[in-house]
Amino acid sequence: MGLLSSSAAVTRYLVNGKIEDPVLETIRNGLEKRTILEIGGESQEKAVGWTSLERPYLPDLSGSSFVVGPHIVFSLRIDKKTLPSKVVKMQCTVEMERRMAETGREFLSREEKKQIREHVELVLLSRVPAVPNIYDILWNVEDNMVWLFSTQGAIKEELESLFFESFGVSLIPLFAFTEAELTCGLSESDLDRLATLSPALFVE
Amino acid sequence: MIDVSVSFKRYSFLGLEFLTWLWWATEEDSEQVTRAAGEPAVLYVGNRIVLEKTQREDVERVTIKGDAAQMDEGILALKKGAQVRDVNLIMEIGDSKWAFNLNSETMAFSGLKTPPTAPVRVVDEMEGAIIEKAAFIEKPLTIMHNIFKHFITLRISPEWKDEVLKVRKWIMEFKA
């Protein structure tokens, strides 16, 4: 569903603020600072960062590779380990049975069960590979517009948070009201009228 | 500026009204749509429309898929007070054709298909391909923004009352 795919999904944002001059250098620094790193610790479940659209698995955001014509183009990469719930359940059950057999008890405390679950998840996380997902981003600096090639709520949240951490400006999602308020060139009196609107009735 | 999460909920009716008005406009006043688009674009409803009716806390949704004849079901839903939540739109400019779904809540585009672009065979062709594809994607985004801007200007004007009457007439006089 990326920029170059045959069927795209696009969420539009307005950049809320001014990127520090020199703009390209600020963007490059932001991208490099938060370039995705491979999942390090064995218990780490998720890694989120920027990568390049052309080489998403070997990110290189140095130079001006992210400048494409009038656009800034890069990708958000989210590597995530997902534990199959049935495997976790099975391993927990096996471990709990073993613990009860060893201690000769018929039940375990809530705390013991919690510890077993945490241990099982830790062991499994070290064995499961992270699955990478790539979401393309196109930034038109002149118009202050960013397109995210996804409409998923969780991905939008990741982008909004990482974008602010990287570039020091926030993103405002454009839905009907924000598009009207911020991008339609309305005057002060128009904005007052907009704010006092109530739903219309198309049927009596 | 009103807090984004507050305005998202409080003014969610604007997106529903926009898509409902747009459906009427594409059927009954296509000249207005083309003027608002700012380009000689022809816009019409494609093969899917989702209607929503909120009554107190309950939300009823109806999804209609198929050709124009089946869209009659949608107008019957409008008659019962529903409004358009999602719509599949086709946009044509000359020989070029775009198709996309537009959501009233998020105003996000999905299933966006552009006119065909040349395949990327070598890495050196990537930059050109991105520029070409971005221009194709930008076209419906810009045109829909122009139409939305026209709608919102109308929506806050005294003329909106007459526009509502026209949409109401279209809905109420419709016979399946």
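Which residues does B:Ala25 touch, not counting residues up to four places away in sequence? B:Ala25 touches B:Ser30 and B:Val33 on that count. The model is a predicted one. It holds a contact between chain A and chain B to which each chain gives 47 residues, and about 4,200 Å² is buried between the two chains. The points below cover the interface, the strand pairing across it, chain B and some local backbone features.

**Interface of chain A and chain B**

- Carbon and sulfur atoms account for 71% of the roughly 4,200 Å² that chain A and chain B bury between them.
- On the chain A side, the residues that lose the most area to chain B are A:Phe175, A:Leu197 and A:Phe202, and together they make up 18% of what that side buries.
- One salt bridge is found across the interface. Its partners are the side chains of B:Arg168 and A:Glu204, with a nitrogen-to-oxygen distance of 3.9 Å. The pair qualifies because the cut-off for such a bridge is 4 Å.
- Twelve residue pairs, with both residues at pLDDT 80 or more, are in polar contact across the interface.
- Five elements of chain A each supply at least two residues of the side that touches chain B: strand S1 (8-16), strand S4 (71-80), strand S7 (170-173), helix H5 (176-183) and helix H6 (188-195).
- H5(A) gives the largest share of that side of chain A, namely eight residues.
- Sorted by class, the side of chain A that touches chain B consists of 29 nonpolar, ten polar and eight charged residues.

- S1(A) pairs with strand S5 (residues 109-113) of chain B; the sense is antiparallel and the pairing runs over two bridges.
- Opposite A:Val10 stands B:Phe109, a residue of S5(B).
- A:Thr11 is also placed in strand S1 of chain A.
- Is A:Thr11 buried or exposed? A:Thr11 has 4% relative accessibility and therefore counts as buried, since the limit for buried is under 20%.
- The side chain of A:Thr11 reaches the backbone oxygen of A:Ser150, at 2.6 Å.
- Leaving out residues up to four places away in sequence, A:Thr11 touches A:Val146, A:Trp147, A:Leu148, A:Ser150, A:Thr151, A:Lys156 and, in the other chain, B:Ala108.

**Chain B**

- Chain B has six helices and five strands. Read from the N terminus, their order is α-α-α-β-β-α-β-β-β-α-α.
- A box of roughly 55 × 40 × 30 Å, taken along the principal axes, is filled by the C-alpha atoms of chain B.
- Chain B has 176 residues, and 49% of them count as buried.
- Of the contacts in chain B between residues at least 6 apart in sequence, 60% join residues at least 24 apart.
- B:Ala25 belongs to helix H2 (residues 12-28) of chain B. Its relative accessible area is 0%, so B:Ala25 is buried.
- B:Ala25 and B:Asn101 are 76 residues apart along the chain, and 17 Å separates their C-alpha atoms.

**Local backbone features**

- Most residues other than glycine have a negative phi, and most peptide bonds are trans.
- The peptide bond between A:Asp21 and A:Pro22 is cis, with omega at about -10 degrees. A:Pro22 is found in the loop between S1 and helix H1 (23-33) of chain A.
- A:Asn144 is not a glycine, yet its phi is positive, at about 60 degrees. This residue is in the loop between strand S5 (131-140) and strand S6 (145-148) of chain A. A:Asn144 has 29% relative accessibility and so counts as partly exposed.
- B:Met107, likewise not a glycine, has a positive phi of about 55 degrees. The loop that holds B:Met107 runs between strand S4 (96-103) and S5 of chain B.
- Which class does B:Met107 fall into, buried or exposed? B:Met107 counts as buried because its relative accessibility is 4%.

Technical notes. Residues are numbered from 1 along each chain as its sequence is written. Chains are lettered from A and ligands numbered from 1 in the order in which they are written. This is a predicted model: local features need pLDDT of at least 70, side-chain atom pairs count only at pLDDT 80 or more; totals for chains, interfaces and linings use all residues. Side-chain values use heavy atoms; hydrogens and water are left out. Contact means heavy atoms within 4.5 Å. Buried area is the accessible area (1.4 Å probe) that two parts lose on being put together, summed over both. A polar contact is a pair of N or O atoms within 3.5 Å; within protein, one must be able to donate a hydrogen and the other to accept it, and residues adjacent in sequence count only if both atoms are side-chain atoms. Helices (H or I, at least four residues) and strands (E, at least two) are DSSP runs, numbered from the N terminus. Ala, Val, Leu, Ile, Met, Phe, Trp, Tyr, Cys and Pro count as nonpolar, Asp, Glu, Lys and Arg as charged, and the others, Gly among them, as polar. Two strands pair if DSSP finds at least two bridges between them. Buried means under 20% relative accessible area, exposed over 50%, partly exposed in between (1.4 Å probe, protein chains only).
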